[in-house]
Amino acid sequence: MERFNRVSIPTNIIFTLVFIVLALMCVIPLLFVAIISLSSSESIQKIGYSFFPKQWSFDSYTYLWHERRSIGSAIFVSIFVTVAGTIIGLFLNAAMGYVLSRPTFKLKKFFTIYIFIPMLFGGGLVPSYLVNTQMLHLTNTYWALILPLAVSSFYIIIIRTFFQTTVPDSVIESAKIDGASQLRIFFNIVLPISLPVLATIGLFLSFGYWNDWFTALLYIQSSHQDLYPLQYVLISIEKNMEFLSRSAQYLSAGSSTAELPTESMRMAIVMLVVVPIALSYPFFQRYFISGLTIGAVKG
């Protein structure tokens, strides 16, 4: 039997080469962006984007360093919103998914249809804006950056399906016989054996919060710039640099706006956005592996 499961050496070599190519396809674009962010504007103008620029420069990172006060505050806001939003989103989506997965819940069919409809027909931007600003009064608060992205019908359906297919009913029934409450079953039994789906949804949520800038545009006014997330600040910096670069011909002859590293600045902004969230991959991967090894009905 072991002979049939063994991978031959040529097949192993082919698989290794395929995965090396796939790994290079993921790493090379990021490396290319890093090189461009360190290229001088003169080098980009002469030879374009290249792995081997004629001249290296830290002007783009120097410009970002001069904006460290606003960028540092924005990084703190983005980290806080990402962590808090991911935790709150996981709790809300998992709780709703667990309720819908229980066969004894009388309103299960009604709420399943109620949650499924927004996956097909969205309510639109104007109704959600009016609800968040006029009814919930979320304007210029951290909740405006967290709550609109916390719950998703897609996430709830995924978690509900995982609970129905993976969490054995016998485990929950055994806990009920032992006198455990629903909250204790949910927190002490269901969630610990559901780490794979929680890690997956948590990864989606963290990416959504980290990359989000649109909610800040809608709900954070210019009088509360201390609530601007990183993405919104970086987009504002890029727009300001583009405006100054295009308006250089109308400015004074001694102005240095024409020398702003706009191209390398875009890539430096990409690096500043990508690197922190890329560091979260090992954290979620650890829970993926541990979650796959947990969960079984012990006899």
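Ile9, Ile13, Leu17, Ile20, Leu24, Val27, Ile28, Leu31, Phe51 and Phe52 make a nonpolar surface patch of about 1,000 Å². Patch members have over 30% relative accessible area and no salt bridge, with nonpolar side chains (Val, Leu, Ile, Met, Phe, Trp, Tyr) joined within 5 Å. This is a predicted model: local features need pLDDT of at least 70, side-chain atom pairs count only at pLDDT 80 or more, and totals for chains, interfaces and linings use all residues. Residues are numbered from 1 along each chain as its sequence is written, and side-chain values use heavy atoms, without hydrogens and water.

**Overall build**
- The protein chain has 16 helices and 0 strands (DSSP runs: H or I of at least four residues for helices, E of at least two for strands).
- Of its 299 residues, 34% are buried (under 20% relative accessible area; exposed is over 50%, partly exposed in between; 1.4 Å probe, protein chains only).
- The chain exposes about 18,800 Å², and carbon and sulfur atoms supply 68% of that area (Shrake-Rupley method, 1.4 Å probe).
- Among contacts with a separation of 6 or more, 73% join residues 24 or more positions apart (contact: heavy atoms within 4.5 Å).

**Two residues to look at**
- Ile20, one of the patch residues, is found in helix H2 (residues 9–37). Ile20 is partly exposed at 43% relative accessible area.
- Val233 sits in helix H14 (residues 230–246) and is buried at 9%.
- Beyond its neighbours within four places in sequence, Val233 contacts Ser70, Ile71, Ala74 and Tyr228.
- Val233 and Glu67 are 166 residues apart in sequence, yet 9.9 Å apart C-alpha to C-alpha.

**Largest pocket**
- The largest pocket has a volume of about 530 Å³ (the space filled by probe spheres set on the grid points).
- A pocket is an open set of points on a 1 Å grid where a 1.4 Å probe fits, with protein on both sides within 12 Å along at least five of seven lines; lining residues have an atom within 4 Å of a point.
- Its lining has 24 residues, with Leu92, Met96, Ile115, Val151 and Ile156 nearest the centre.
- H5 gives the largest share of the lining, 6 residues.

**Salt bridges**
- The structure holds 2 salt bridges (side-chain nitrogen of Lys or Arg within 4 Å of a carboxyl oxygen of Asp or Glu).
- Asp169 pairs with Arg102 at 3.5 Å, N to O. Asp169 lies in helix H10 (residues 169–177) and Arg102 in the loop between H5 and H6, so the pair ties together parts 67 residues apart in sequence.
- Arg102 is buried at 9%, whereas Asp169 is partly exposed at 43%.
- Glu173 pairs with Lys176, their closest N and O atoms 4.0 Å apart. Both lie in helix H10, 3 residues apart.

Terms used:
Patch = residues over 30% accessible without salt bridge, like charges linked within 9 Å, V, L, I, M, F, W, Y side chains within 5 Å.
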